[in-house]
Amino acid sequence: MFKMRFSLVLVSMPAVLVRAGRDTGRPGYGLVGYGIEMYIPVCAYACQYSFSSNQLVCTDEASFNGAGMGGMNMGSGQDGTALPKNVSAMPSSTCHAESEAFLTSVAWCIHEKCSDIPVWKIEKWWQSYVVGNMPTDPPPSLSYGEALSLVTESPKIACPKGQILNETSLVDEIGYKARYVSISVNQDVEVQHERFGLVILLSGVMIPVGFSLLRFLPFPKRWASALNGRFIYPSLFRPWRDSPVGAVVGDPPTRGQVLFIGYLILLNIFLSAFSYSVHPVAFGYWWNDSPDEVMGDLANRLGILSFANFALLVLYSSRNNMLLWLTNWPRSTFVLLHRWVARIAVLEAILHSVIFLRDWIMENRLEADQVLPYWWWGCIATIAASLLLPLSIPVMRQRSYELFLAIHVVFAILIFLGSWYHIIFRYEHQWGYETWLYVVFAVWGFDRLLRLLRMLRYGVRTARITVIDDDYVRINVKGVVGTGHVYLYFLDWRVWENHPFSIASSIIQQKDASPSKNESLADVEDIKTGQSTRKAVQSFDQTVETGMVFYVRLLSGGTKALRYKTELPVLIEGPYGTHGDLSDYPTLVCIAGGVGVTAVLPYMRAHSGNTFLYWGSRSQALVDSLKPLTHGLNIETTVGQRLALQDILESQHGDFAVVVSGPAGMMDEAREIASRIALQRRVKFIAESFIY
């Protein structure tokens, strides 16, 4: 029994080291196949591995003390009998570096098997890897040329694995073939894993850019509108939002979004299931049997694909996402994609862990490996990812956004930190798997750096708060201007929290006053472009100054405390968002609900054609407070009543653009109506929404 077990240790040692988390070596830079050469030349590695399990005559102490082998007697043979003096069953790297029999046998094997490889490449490999792959391994005592020159005639006999190698020997052909096939296949499979990961990452970046460029092609505008009305604007399932599915999965995607989400899902399924093969000749060396080979490759591939999706999901969630600058896709679309990619990545991580757990249980390795750092760091990452999904469902986000945000940050740190140490403790920096995490950290760091720079642009400011009624407040921040939206950090409590608010105006009026009866022409400064334009405006008997104005609905979270404040120190991160050019549409229709009106006002100010605002509000006080900002606009306001969206949109004539901001239900209804009209006329639909 001991003989059989010891033979198995010698034969399968490389595979055991790989799977037990001790496959460490010299650091590599890049990815396998893209900067990192895993086993090149394969023939040289096969020769070295063919003789590495042989017993050698050694003079160093490390070859006999059993360090790292659980106290195993290194002076005992496979059958438990004592070996001759100075012969070690498990020679150290020092012994391999000094053993003439080992070096000359490997050199002759390479001479025979690697005849097509230039000698200089062999010499380069020899100096670094013939002894071993560890950074601490000593260099060989003989160069390849020197070792080969010592072989004066062709060896006559082969030294089987596990036997004493005390003279230059031929390689065992069966063992060499098994090692060559397993090494070559493993290298090709690893390169394929990395290639598939790059396909996911690059397609997730390039496809949005490519589809956005289509808008510059000279398609007939009428055709483009019909295409949008059929595939881009409408939601996939209208009843989704108020169903249990919506409560768990989130906002219903549009048909256009579903196309890309479906592509990502199918791509991950295909790349996970595609291109596997079995190699019986290598069984007993790298793999035990066919299921072991296929399941091992599948688990490794799922780990790489999960890492590639990690990079995508962090990119999609970033406020300073470069794709927001390169495409015409709104941030709400990328946040939606972030959620779906996260589900894919977490599922792949779970499957990666479950498959390896199954293998470890079947091969009785779990007890030994579950105490190793790489194992429990991997468990931490997988468990954190598994918990983060249910803790991020819409119900959780809506009922306690602050708690959701804190959990999201903490668990994300655990996931990426656990993934990092899982790789480092298992492989160190040998195979470059941590490169995927470098991409994650780079995207995250770039976003945080730009956030910091945006905040430093304005510094600490004072926000003055005016209560409008029980549900709404107005916030004025003097001395800063901008358009779009910003994130405000309130510095007197929970400073880590930040909330997005649309900039209603960059003009602060010092007091509320009714307009005088006199009208005049005045130079009005366009804050966004810096160009002065002459407009007919109603003059006000009041002073004004520059500053950002926000209108906020008080919810049950952190914003409810604003009702009891009059001034607060704030940091302003932003501004974000751009308003698309709608000058090609003679009519602009804006539909707003509540404080959503602040998101559509900049569109109305910028549009030179006919503009109409239809605004529904629950609060008359909010309507009155916004009169100075809505004065002079073509506006129809309803208080406490639903807007007749179908009548509003169907009554428009000719081509028009629609900008909607407000409650989700109202935006869904406007989306469906505008989609139907776009099939008949040229209609542009824009939804201004914040989703988390």
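Predicted model: local features only at pLDDT ≥ 70, side-chain atom pairs only at ≥ 80, totals over all residues.
A word on confidence. The protein chain has a mean pLDDT (the predictor's confidence in each residue, from 0 to 100) of 86, with 87% of its residues at 70 or more. Over residues 67-73 pLDDT stays under 50, and the model has 7 contacts beyond four places in sequence for them, a contact being heavy atoms within 4.5 Å. Residues 512-541 also stay under 50, with 47 contacts beyond four places in sequence.

Now for the sheet. Helices (H or I, at least four residues) and strands (E, at least two) are DSSP runs, numbered from the N terminus, and two strands pair if DSSP finds at least two bridges between them. On that basis, 7 strands make up an open, antiparallel sheet, ordered 9-8-14-6-7-13-10. Strand 9 (499-502) and strand 10 (505-509) sit at the edges with a single partner strand each, so one side of each has no neighbour in the sheet. Neighbouring strands are turned against each other by 45° on average, direction ignored; the axes here are lines fitted to C-alpha atoms, for helices over the stretch in contact, and angles run from 0 to 180 degrees between N-to-C directions.

Going through some of the pairings, strand 10 is joined to strand 13 by 4 bridges, running antiparallel. Strand 13 (residues 544-553) is also joined to strand 7 (residues 472-478), through 7 antiparallel bridges, and Gly547 in strand 13 is the bridge partner of Lys478. Strand 6 (residues 460-467) pairs antiparallel with strand 14 (residues 567-576) over 5 bridges, and there Arg461 stands opposite Val570.

Then the helices. Helix 7 (residues 173-213) has 41 residues, which should span 60 Å at 1.5 Å a residue, and its end C-alpha atoms are 58 Å apart, in agreement; the expected span is 1.5 Å times one less than the number of residues. Helix 7 does have a kink of about 30°, centred on Ser203, the bend being the angle between axes fitted to the seven residues ending at a residue and the seven starting there.

Helix 19 (residues 597-606) has 8 of its 10 residues buried, so it is largely enclosed by the rest of the structure. Among the buried ones are Val597, Leu601 and Tyr603, where buried means under 20% relative accessible area, exposed over 50% and partly exposed in between (1.4 Å probe, protein chains only).

Terms used: Residues numbered from 1 in each chain as written. Heavy atoms only, no water.
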